[in-house]
Amino acid sequence: MPRPVLLIHGGAGDIPHSRIAGKFKGIKEALRCAWGSLVPASGEGQGSALDAVEAAVRSMELDENFNAGYGSCLNTDGQVEMEASLMEGRDLRAGCVTLLRDVMHPITVARRVMEKQRHTFIGGEAAQELALATGSERLPANALVTEGARHTLQQFQEQLAQGKDPFFARTELAAEQKTDPSGETVGAVALDLDGQIAVATSTGGITGKWPGRIGDTPILGSGTYADNARGGVSTTGHGETIMRYNLAQRILAAIEHKGVSAQAAADQECRAMTQRLGGTGGAIVVGPAGDLGISFTSQRMAWGYIQDETIFYGIEGQAVHQEPLALGT
């Protein structure tokens with residue numbers, strides 16, 4: 001019987017030092033929020049990988065320290081357009097949504113697509129109508145827009161006016177201006193006692209994107225993939241790069257065909273992607289036996305997981321922090 005595993009990320013990019021504390025706080029809150037869905041208290045039923053990844057991502061969608069839900073970055077019109085995907089590894093069912101506006105929790109809308117609809121991927125007005133018809137509340141206009149997102153868009157526009165190439169401006173912006181990288185994403189991968197793997201990924205995209213732009217997050221095999229026989233992957237970083245490289249699927253192919261560990265596969269494919277295409281990113285991976293992979297070519301990537309009643313978390317290099325899962329112990 002496999003040991004339950006929950007591994008999450010809070011985005012990869014040129015995350016400034018001033019944002020690290022907020023990332024760590026949000027990562028730990030999301031892990032604690034979701035762990036009970038994966039490992040319920042005695043007598044409270046069986047844990048679910050699908051419930052756990054949704055709960056972890058929902059927590060981060062509420063936190064402005066992450067580029068998903070509240071705190072999402074803005075397009076050139078100053079609007080939030082969100083996307084998400086969720087997948088389970090037994091029957092390869094999935095739900096993907098894109099171009100959602102003024103609703104909370106895109107990841108839950110993605111789950112409704114997977115469980116209640118005959119299609120896998122829905123976007124734009126149809127996704128909006130589905131969200132509202134299946135229980136999502138229509139928020140007031142711009143309710144998801146933060147001052148930080150407005151400031152980052154303004155700086156992006158100023159750099160664009162100076163003639164700087166916008167293709168990788170999201171990472172350059174943070175390094176030069178001490179703002180959030182705005183190319184981040186949040187994601188979670190879980191393995192439960194039944195051997196079921198589930199993955200969830202959610203994002204607000206990249207600052208200064210054209211209205212209607214779709215990134216890697218809702219694309220199966222790029223931003224998200226789950227297969228009980230091979231593992232689960234959630235990616236983050238520069239979306240145009242990740243979708244062109246098909247990062248999630250390449251990592252799982254390395255596990256399956258090269259026989260390497262989740263960590264080796266993640267390291268190999270993240271490096272190869274950046275070497276070939278120039279864009280940076282990262283991935284979290286859970287192998288079919290529960291081994292973990294955490295890798296990124298960006299300056300930093302926020303991540304965390306729970307093992308032996310302990311939260312392990314980090315954001316740069318090989319540095320690993322830890323604290324008890326139960327506060328006060």
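Q: What makes strand β11 (residues 300–307) count as mostly covered?
A: Seven of the eight residues of β11 are buried, a term that means under 20% relative accessible area, with exposed over 50% and partly exposed in between (1.4 Å probe, protein chains only). This is a predicted model, in which local features need pLDDT of at least 70, side-chain atom pairs count only at pLDDT 80 or more, and totals for chains, interfaces and linings use all residues. Residues are numbered from 1 along each chain as its sequence is written, and side-chain values use heavy atoms, leaving out hydrogens and water.

Q: Why is β12 called largely enclosed by the rest of the structure?
A: Five of the five residues of β12 are buried, so the term applies. Thr310, Phe312 and Gly314 point one way from the strand, Ile311 and Tyr313 point the other way, and all are buried.

Q: How do you know that strand β1 (residues 5–13) and β11 are paired?
A: Strands are DSSP runs of E with at least two residues, helices are runs of H or I with at least four, and both are numbered from the N terminus. Two strands pair if DSSP finds at least two bridges between them. Five bridges join β1 to β11, and the two run antiparallel. Ala12 stands opposite Met301 in β11.

Q: What joins β11 to strand β12 (residues 310–314)?
A: Five bridges join them, in the antiparallel sense. Tyr305 stands opposite Phe312 in β12, and Gly304 stands opposite Tyr313 in β12. β11 and β12 form a hairpin with two residues between them, and Asp308 in its turn has a positive phi of about 55 degrees.

Q: What makes β7 (224–227) and β10 (292–296) edge strands?
A: The open sheet has four strands in the order β7-β8-β9-β10, with antiparallel pairing. β7 and β10 each pair on one side only. Neighbouring strands of this sheet are turned by 10 degrees against each other on average, direction ignored. Four bridges join β7 to strand β8 (residues 231–237), and in β8 the bridge partner of Asp227 is Gly231.

Q: How do you know that helix α8 (residues 247–258) packs on the sheet?
A: α8 touches β7, β8 and β9 (281–286), where contact means heavy atoms within 4.5 Å. The direction of α8 makes about 145 degrees with that of β8. Helix α9 (residues 262–277) lies across β9 and β10 and runs at about 20 degrees to β10.

Q: Why is α8 called oblique, rather than parallel or antiparallel, to α9?
A: Axes are lines fitted to C-alpha atoms, for helices over the stretch in contact, and angles run from 0 to 180 degrees between N-to-C directions. Angles under 35 degrees count as roughly parallel, over 145 as roughly antiparallel, 65 to 115 as roughly perpendicular and the rest as oblique. α8 and α9 pack at about 135 degrees, with their axes 9 Å apart. That angle makes α8 oblique to α9. Residues of the contact include Leu247, Ile251 and Ile255 of α8 and Ala262, Cys270 and Met273 of α9.

Q: Why is α1 called roughly antiparallel to α2?
A: The axes of helix α1 (residues 20–38) and helix α2 (residues 49–61) come within 8 Å and cross at roughly 155 degrees. That value makes α1 roughly antiparallel to α2. Among the residues in contact are Gly26, Ile27, Glu29 and Ala30 of α1 and Ala52, Ala55, Ala56 and Met60 of α2.

Q: Which classes make up the contact of α1 with α2?
A: The residues divide into 10 nonpolar, three polar and two charged. Here Ala, Val, Leu, Ile, Met, Phe, Trp, Tyr, Cys and Pro count as nonpolar, Asp, Glu, Lys and Arg as charged, and the others, Gly among them, as polar.

Q: Why is α2 described as roughly antiparallel to α3?
A: The axes of α2 and helix α3 (residues 106–116) come within 8 Å and cross at roughly 150 degrees. The crossing angle makes α2 roughly antiparallel to α3. Their contact includes Glu54, Arg58 and Glu61 of α2 and Arg111, Met114 and Glu115 of α3. By class, this contact has five nonpolar, one polar and six charged residues.
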